[in-house]
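Please keep the sequence and the coordinates at hand while reading.

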Amino acid sequence: MSTYMIDKFMRAVEMSDAAVAAYVADPAAFLDEWMTADAATDRPADDRRLTQAEYAAFAARDYEALYTLGAHPYLLWHFTEAVYSHEFGEGFGWRDLVERYREAVRPHGVPDYVP
């Protein structure tokens with residue numbers, strides 16, 4: 001598991017409106033580009049590897065799966081808010097997203113970050 005890369009990817013998306021738009025438009029394509037980019041400003045010192053499960057969760061924009069894979073809850077919420085806020089409209093808003101998020105992660109408890 002590469003929780004560092006999960007968190008790093010979420011931050012890279014959440015920090016830029018353009019990145020959010022590109023990710024929402026085609027998550028898999030954005031993932032592929034991000035993992036192979038060599039000139040990005042957020043270039044990591046490591047190799048940008050995600051497990052197959054992590055990749056699948058990001059490709060599906062599945063915040064519940066990301067939570068179970070070890071995504072940092074603070075970063076995950078802001079990532080989720082950024083990538084789902086474009087869907088706000090009649091009958092679905094910020095409060096609805098909060099409730100969906102809570103219901104999705106509640107069964108998995110509170111993460112233990114102490115090694």
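In which helix does Ala 12 lie?

## Ala 12 and its setting

The model discussed here is predicted. Within it, Ala 12 belongs to helix α1, which spans residues 3-14. Its relative accessibility is 15%, and because buried means under 20%, Ala 12 counts as buried. Between Ala 12 and Trp 34 the sequence separation is 22 residues, while their C-alpha atoms lie 8.9 Å apart in space.

## The largest nonpolar core

The largest nonpolar core has 33 residues, and the members that touch the most others are Phe 9, Phe 58, Leu 76 and Phe 79. Two or more residues come from each of α1, α2 (17-25), α3 (27-36), α4 (52-59), α5 (63-68), α6 and α7.

Leaving aside residues up to four places away in sequence, Phe 79 is in contact with Phe 9, Met 10, Val 13, Glu 14, Tyr 23, Phe 58 and Leu 66.

## Packing of α6 against α7

Helix α6 (residues 73-84) packs with helix α7 (residues 94-105) at an angle of about 135 degrees, and the two axes are 11 Å apart; the pair is therefore oblique. The crossing of α6 and α7 is right-handed.

On the α6 side, the contact is made by Pro 73, Leu 76, Trp 77, Thr 80, Glu 81 and Tyr 84, which meet Trp 94, Leu 97, Val 98 and Tyr 101 of α7. Sorted by class, the contact between α6 and α7 comprises eight nonpolar residues, one polar residue and one charged residue.

Key
Residues numbered from 1 in each chain as written. Predicted model: local features only at pLDDT ≥ 70, side-chain atom pairs only at ≥ 80, totals over all residues. Heavy atoms only, no water. Axes fitted to C-alpha atoms, helices over the stretch in contact; angles between N-to-C directions. Helix = DSSP H or I, 4+ residues; strand = E, 2+ residues; numbered from the N terminus. Parallel < 35°, antiparallel > 145°, perpendicular 65-115°, else oblique. Left-handed = near helix turned anticlockwise from the far one by under 90°. Contact = heavy atoms within 4.5 Å. Nonpolar A, V, L, I, M, F, W, Y, C, P; charged D, E, K, R; others polar. Buried < 20%, exposed > 50% of the residue type's maximum accessible area, 1.4 Å probe, protein only. Core = buried A, V, L, I, M, F, W, Y, C linked by side-chain atoms within 4.5 Å.
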